[in-house]
Amino acid sequence: MRDPVFEMESVTGSSYSARFRADADLDWFRGHFEGLPVLPGIAQVYFVTLALGKISAAAGRDLRIAGFRQVKFTFPMVPGDEAEIEVTADEGQEELSFRISSPLGMVFSEGRAALAGGAS
């Protein structure tokens, strides 16, 4: 499955941000839904895990999501939408928060998750 191309990536400390486009040819849109394609919530959660991988590499730890505490999908993302993803792990790297929004500030999804990770 092809992932979106993240551009203008920034990893600083425990945070990651980037821009991407929800291209119509992303496999995630296939069959979801016929005639009115919408990027599934699970795809957005998956994109958060990709961002966490970048934070994990920068931190020198194997950080993983242990469970989501809160997730809100507030606006449907459709093919062609431009998006910004922001993922931040707290200082103790026990929790992360995320937001996926349009460059104009419309929020597609946001939430928090508990982290599990190996020692430094």
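**Ground rules.** I number residues from 1 along each chain as its sequence is written. Since the model is predicted, local features need pLDDT of at least 70 and side-chain atom pairs pLDDT 80 or more, while totals for chains, interfaces and linings use all residues, and side-chain values use heavy atoms, leaving out hydrogens and water.

**Overall fold.** I looked up the elements and got 1 helix and 6 strands, in the order β-β-α-β-β-β-β from the N terminus. Here helices (H or I, at least four residues) and strands (E, at least two) are DSSP runs, numbered from the N terminus. I then checked the size: the radius of gyration is 14 Å, which agrees with the value near 14 Å for a compact globule of 120 residues. That radius is taken over C-alpha atoms, and the globule rule is 2.2 Å times the number of residues to the power 0.38.

**Core.** Next I went for the largest nonpolar core, which has 27 residues; Phe20, Phe47, Met77, Ile85, Val87 and Leu96 touch the most other members. Such a core is a set of buried Ala, Val, Leu, Ile, Met, Phe, Trp, Tyr and Cys residues joined through side-chain atoms within 4.5 Å. Helix 1 gives the largest share, 6 residues. I also listed contacts (heavy atoms within 4.5 Å) for Met77: among them are Phe20, Phe29, Leu39, Ile100 and Phe108, leaving aside residues up to four places away in sequence.

**Asp81.** I found Asp81 in the loop between strand 3 (63–73) and strand 4. Asp81 is buried but has no salt bridge, and Arg21, the nearest side chain of opposite charge, is 8.1 Å away. For charge, Lys and Arg count as positive, Asp and Glu as negative, and His and the chain ends are not counted. Buried means under 20% relative accessible area, exposed over 50%, partly exposed in between (1.4 Å probe, protein chains only). A polar side-chain atom of Asp81 does lie 2.9 Å from the backbone nitrogen of Val78.

**Salt bridges.** My search of the whole structure gave 11, each a side-chain nitrogen of Lys or Arg within 4 Å of a carboxyl oxygen of Asp or Glu. Arg19 pairs with Glu84 at 2.8 Å between the closest N and O atoms. Arg19 is in strand 2 and Glu84 in strand 4, so this pair ties together parts 65 residues apart in sequence. Glu84 is buried at 18% relative accessible area, whereas Arg19 is partly exposed at 35%. I also noted Asp27 with Arg30, closest N and O atoms 2.4 Å apart.

Technical notes: Polar contact = N/O pair within 3.5 Å; in protein donor to acceptor, adjacent residues only side chain to side chain.
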